[in-house]
Every structure is written in structure tokens, then in C-alpha cells.
Amino acid sequence: MTQLWHHCHAITMAEGRYSLITDAALVIVDGRIDWIGKADDLAEQDFEAIHDLGGRWLTPGLIDCHTHLVFGGDRSGEFEQRLEGVDYETIARQGGGIVSSVRATRETDFEALYARAEARARVLLAEGVTTLEIKSGYGLDLDSERRMLQVARELGRRLPVTVKTTCLAAHALPPEYAGRSDDYIERVCETMLPTLAAEGWVDAVDGFCEGIAFSPAQMRRVFETARRLGLPVKLHAEQLSHLGGCKLAAEFGALSADHVEYANDDDARAMAASGTTAVLLPGAFLTLRETQLPPIEAFREHGVAMALASDLNPGTSPVLSLRLMMNLACTLFRLTPEEALAGVTLNAARALGIDASHGSLEVGKVADAVAWDVTGPAELAYWLGGQLPGIRFHHGEKVSA
Ligand SMILES: N=CN[C@@H](CCC(=O)O)C(=O)O
Ligand SMILES: [Zn+2]
């Protein structure tokens, strides 16, 4: 089907910059952008559908490239503990944290997991998200990890959103492997990843490289397995300390290294050389009251693409707003509003390995877009989250939340 979208100002985000086209028009053919430019330059032609965007500002659809939005239970009790001064690592070492979400998720059946995840996803979609990355990592056994990934895939089937799944079996040590982390990594590499990959549930592989999770050597084993399976990798790296996760990610050509508060100039050089995107997660930074800022200047200096994501999870980032992350990235990390918008569009697409087809309003890319009722692009980072009025398109289809 051939559509005309006109009467708008297009913020294309080509090359990660606004690359603004005022009084723009787009021709959409079968859900992809076939032409984009000044409306005055568009040749006369017939269209099956015409959308007058009423002078709104049109951006690429927002991409949340790091979420754990499938999980059972909640961790509000931990929130109270942290307010009483018990830190995240201590709670994890006491058997709480991720493992408490594992217990709750293992006890939750598919339909209940799906219902809770759908409710969270709908809030993000209402804010303008058109692509979601969703991780496993609260199952930590084959059946529960599979169920999480199946819920993620089902969200992409039932909702107007593109879902990319990531297997995060190397998220934490399950209770039944207490004191035997190498044995668990063996189980992940020899059984869980090959099985879940062969069944088609996995688009990428992730891990948590941290003192309270897995070592660089253990993550190396997981990455070698992912490489053998032909799967791209990403890594929760340098979140609470500097262990060398960013360098390992860069060595394996990872799509992204995420959190990266404790990354340094050397890490930035290595990530720039490997094309690894830095995924900044200000929701976790704020929730944990972290004080170590990610090396933003080093990322800028070495040309490391910076993405932003909600990191929606019950422990470190119980947040239901990607646009709030844009504001926090500006306010806490001093990104510019333009960098923040690139962080949730083209750079987020890079972090998922889909920037050939997503993340900017350019010919050949999917027609995922939002026509915002704002006075200009800076407003998208200015308002602290919440649903701004606008029209959302997914693959060229006008969709409600
Ligand atoms: N750090 C590791 N994983 C999540 C937290 C998971 C949890 O606490 O439930 C994160 O990205 O912050
Ligand atoms: Zn995470």
C-alpha cells in the first residue's frame, strides 16, 4: 500500500543528528520509507492513503534497547531495605536481588508472566516506543528461560511493536548451583544456549560481568559459545566496578556494553575500534544512587555511539518511561537533547544490530515513527516522562497504545 505522510517537520536522525527537514513529506510503500524530502519537491502521484500530520514534529519510533520487562513478583521490599542503608550488592550476597526475582518468576506461569509483561510494554508503547529489546535472565533454568523468551516473542506477535530477544542466562548464579558457578556456566554453554538458540528463541546473548555475578573468564566462555552458535553478544559491564567487561565485549565485537559507569578511556578506545555501542542506563544509576558517572567525554572523543534505555527491571530500574531516561541522561550525564534522541533512535538500533533497517527516517528503512505535538525536539527530553500527545506508526500502520 502507498501512503503520503505530509504537513510535518521531519527529524530524520540520519547519522545520529537531527538532520531536520522542515515542511516535509514522506512516501511510504508497504511499511517502508520510499521517499522523504521537502513537500514542494514531491512529484504529483496518487496515494491509497494520506496522513496530514498537522504540522507535528516527526521522529523515528523510539527504541528501548535494554529491558528486563518479563518477570514475576516485585522487589519493593528491597527498595525499603536500600532506603535503610543496605546496598544492592549486600542484598544480592544475602540471597536477595536477582535471585529473589528468579524464585518469583519460576513460580509464575506463561499467561500470568505474559499479562504482567504486556501491561508494562503498553506503557512504553504509549510513550512512542516501536521496538523493544527484552531479556530473559530471571529463569536460570532451561524451562524458565524458555518461558521468558516465549513471552517476549508473544509480545511482538500480539502488540504493534518489534521485539528483539536476548538470552541472559548468565545473569546470576541460581540457588541450586550455590558455590558452583563454573558448573552453572557449563550448563549455560553446553545445554541452555544451544537448545534455546536451536529452538529459535534467541536473537542475542548477554551476561552480567560483575563481582556479584560472573567473571570475565566465565563471560568469555559464554561469548565463545554464542560465537559458535552464530549469535551476537552484549554485556552488562563495569556497572558497579571495573572488571574488564568492556574490553571483553569489544574483543568479541559485541553489539553493546551496557551500564559502563566504571568504564575508562582505554575501554572507550577499544569500544570505538570494535564498533561496540555504549548503552547508558540512568534509571539504574539513579535508583542505586550511583556516584560514578559513565565516561561520556571519552565516548564522545573516541566516537563511541551512546544509546539510552529504560533497563526496566524490578531491582535497579523499576521505571516505565524511556522518555524519562532522555531527561535523566541530559540532567545527570549532561548529554544534549540531540544526543538523547539519538540514544533512543539510531544508536539504540545500533545496540541491537538493526540500524540498517531501523532508527532513522531514511529511504529503505521501516516506517516506524511518531508525530509529536511539541514545539521542537528538545521537548522530548524536557518533560520528565509521561505520554506526550502524538501519532504513533509501526511499519507504516497508525497504531494506538
Ligand atoms: N545488573 C544486572 N542486571 C539488571 C538488574 C537486575 C535486577 O536487579 O533484577 C540491571 O541491568 O541493572
Ligand atoms: Zn540490565
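Threonine 375 is exposed, because its relative accessibility is 68% and exposed means over 50%. The residue is found in the loop between β13 (369-372) and α15 (379-382). In this predicted model, threonine 375 and serine 310 are 65 residues apart in sequence and 25 Å apart in space, C-alpha to C-alpha.

| Residue | Loop | Phi | Relative accessibility |
|---|---|---|---|
| Glutamate 15 | between β1 (2-11) and β2 (20-29) | about 60 degrees | 65% |

Helix α12 comprises residues 322-333. With twelve residues at 1.5 Å a residue, α12 should span 16 Å, and its end C-alpha atoms are 15 Å apart, which agrees. The buried residues are Leu322, Arg323, Met325, Met326, Asn327, Leu328, Ala329, Cys330 and Phe333. At the start of α12, a side-chain oxygen of serine 321 lies within 3.5 Å of the backbone nitrogen of arginine 323. Just after the helix, arginine 334 takes a positive phi of about 65 degrees.

Helix α5 covers residues 142-158. Its 17 residues should span 24 Å at 1.5 Å a residue, and the end C-alpha atoms are 24 Å apart, in agreement with that expectation. Among the buried residues of α5 are Leu142, Met148, Leu149, Val151 and Leu155; Glu145, Arg146, Arg147 and Glu154 are also buried. What covers the buried residues of α5? The covering elements include α3 (98-106), α4 (110-126), β6 (129-135), β7 (162-170) and α6.

Helix α6 (residues 181-198) also has helix α7 (residues 216-228) as a partner: their axes come within 10 Å and cross at roughly 5 degrees. Angles under 35 degrees count as roughly parallel, and α6 and α7 are therefore roughly parallel to each other. In this contact, Ser181, Asp182, Ile185, Glu186, Cys189, Glu190 and Leu193 of α6 meet Gln218, Arg221, Val222, Thr225 and Arg228 of α7. By class, the contact has four nonpolar, three polar and five charged residues. An α-helix has 3.6 residues a turn, so residues three or four places apart point the same way.

Methods. Residues are numbered from 1 along each chain as its sequence is written. Chains are lettered from A and ligands numbered from 1 in the order in which they are written. This is a predicted model: local features need pLDDT of at least 70, side-chain atom pairs count only at pLDDT 80 or more; totals for chains, interfaces and linings use all residues. Side-chain values use heavy atoms; hydrogens and water are left out. Axes are lines fitted to C-alpha atoms, for helices over the stretch in contact, and angles run from 0 to 180 degrees between N-to-C directions. Helices (H or I, at least four residues) and strands (E, at least two) are DSSP runs, numbered from the N terminus. Angles under 35 degrees count as roughly parallel, over 145 as roughly antiparallel, 65 to 115 as roughly perpendicular and the rest as oblique. Contact means heavy atoms within 4.5 Å. Ala, Val, Leu, Ile, Met, Phe, Trp, Tyr, Cys and Pro count as nonpolar, Asp, Glu, Lys and Arg as charged, and the others, Gly among them, as polar. The expected span of a helix is 1.5 Å times one less than its number of residues. Buried means under 20% relative accessible area, exposed over 50%, partly exposed in between (1.4 Å probe, protein chains only). A polar contact is a pair of N or O atoms within 3.5 Å; within protein, one must be able to donate a hydrogen and the other to accept it, and residues adjacent in sequence count only if both atoms are side-chain atoms.
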